[in-house]
Amino acid sequence: MDALRNKKGFICDMDGVLYHGNRLLPGVKEFVEWLYKEDKKFLFLTNGSGYTPKELQLRLKRMGLDVDESHFYTSALATAKFVSTQKPGCSAYVIGEPGLYNALHDVGVALNNIDPDYVIIGETSNYNYDSICKAVTLVNNGAKLIGTNTDLYAPIEHGMVPACRALVAPIEMTTGKAAYYVGKPNPLMMRTGLKILGVHSEDAAMIGDRMDTDIIAGIETGLDTVLVLSGVTNCDNINDYPYRPRNILKGVGEIVPGYSE
């Protein structure tokens, strides 16, 4: 724990680590207060693409946690950066929420449902057969298929819902074309997070609740890894994977010296 507490930077997943549904998890306020007090560099990095950093900031504020907008980074931002760097001035057919549309707009990616360079899929509640058919046609006509993240499901207060990869699957299966996924565990997103923090991987830790995205992303990028059991993973699930986190905690509050629930 001393080695963990001495890290200069912390990259934290959000859902299942900071909150569940619309409530903060135990110890989160104390953890964030400790980050500020110890002058740590920290970034809340989420595979979600539906919300802008400002919206995420306001969401946490409504829960009682006041954090500056600069501490948030999403798979939507990572996806927008990726496609605009790969092909400046490109266009895309997009299935997603406002956070993804805004991120693409901000880097100059034009919307195009006729002959786009990319078909980009993020999580959304506005997903239907017509949009799938449109995406299939465009991919078959040469558009490159991009997924904002590899999450198959997302937790909600009363269960699970399909997430990005589940929404991309019908398009992949129909076209025979594999999507490129930008979010965790893709090291691209992690390296950008480290660059934003301004710390080396050896001086940073990744905190998350998912073995298949958060922990493997941290391991492959060279960060210390912390699995918290406040989200979708329990102790039994850990044995399903051929890799292990460095630390396993009930929640982020345990990182704070002297913390007790």
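Me: The radius of gyration is taken over C-alpha atoms, and the globule rule is 2.2 Å times the number of residues to the power 0.38. What radius of gyration does the protein chain have, next to that of a compact globule?
Reply: The protein chain has 18 Å, which agrees with the value near 18 Å for a compact globule of 261 residues. This is a predicted model, in which local features need pLDDT of at least 70 and side-chain atom pairs count only at pLDDT 80 or more, while totals for chains, interfaces and linings use all residues. Residues are numbered from 1 along each chain as its sequence is written, and side-chain values use heavy atoms, with hydrogens and water left out.

Me: And how far does the C-alpha trace span along its principal axes?
Reply: The C-alpha trace of the protein chain spans about 60 × 35 × 35 Å along those axes.

Me: How many helices and strands are there?
Reply: The protein chain has 10 helices and 15 strands, counted as DSSP runs (H or I of at least four residues for helices, E of at least two for strands) and numbered from the N terminus.

Me: Take the sheet with 6 strands: what is its order?
Reply: This open sheet runs β5-β4-β1-β13-β14-β15 with parallel pairing, where two strands pair if DSSP finds at least two bridges between them. Its edge strands are β5 (72–74) and β15 (247–249), each of which pairs on one side only. From one strand to the next, the twist averages 25°.

Me: Which helix packs on that sheet, touching β13 and β14?
Reply: That is α9, and its direction makes about 160° with that of β14. Contact means heavy atoms within 4.5 Å, and angles run from 0 to 180 degrees between N-to-C directions of axes fitted to C-alpha atoms, for helices over the stretch in contact. Strands β13 (residues 204–208) and β14 (residues 224–228) are joined in the parallel sense by 4 bridges, and Gly208 stands opposite Leu227 in β14.

Me: OK, switching to the sheet of 5 strands: which order do they take?
Reply: They form an open sheet in the order β7-β6-β8-β9-β12, and the pairing is parallel. Because β7 (110–111) and β12 (180–181) stand at the edges with a single partner strand each, one side of each is left without a neighbour in the sheet. Further in, β8 (residues 118–121) pairs with β9 (residues 144–147) over 4 bridges in the parallel sense, with Leu145 as the bridge partner of Val119.

Me: Which strands does helix α6 lie across?
Reply: Helix α6 (residues 129–140) lies across β6 (91–95), β8 and β9, and runs at about 150° to β6.

Me: Now pockets. How much space lies in the largest pocket?
Reply: About 830 Å³ lies there, a volume being the space filled by probe spheres set on grid points joined across faces, edges and corners. On a 1 Å grid over the protein atoms alone, a pocket is an open set of points where a 1.4 Å probe fits, with protein on both sides within 12 Å along at least five of seven lines, and lining residues have an atom within 4 Å of a point.

Me: Which lining residues lie nearest its centre?
Reply: Of the 36 residues lining the largest pocket, Asp15, Gly48, Tyr51, Glu123 and Ala154 lie nearest its centre. The largest share of the lining, 3 residues, comes from β10.

Me: What about the second largest pocket, which element gives the most to its lining?
Reply: There α4 gives the most, with 5 residues, and the volume is about 160 Å³. The lining includes Ala78, Phe82, Val182 and Met189.
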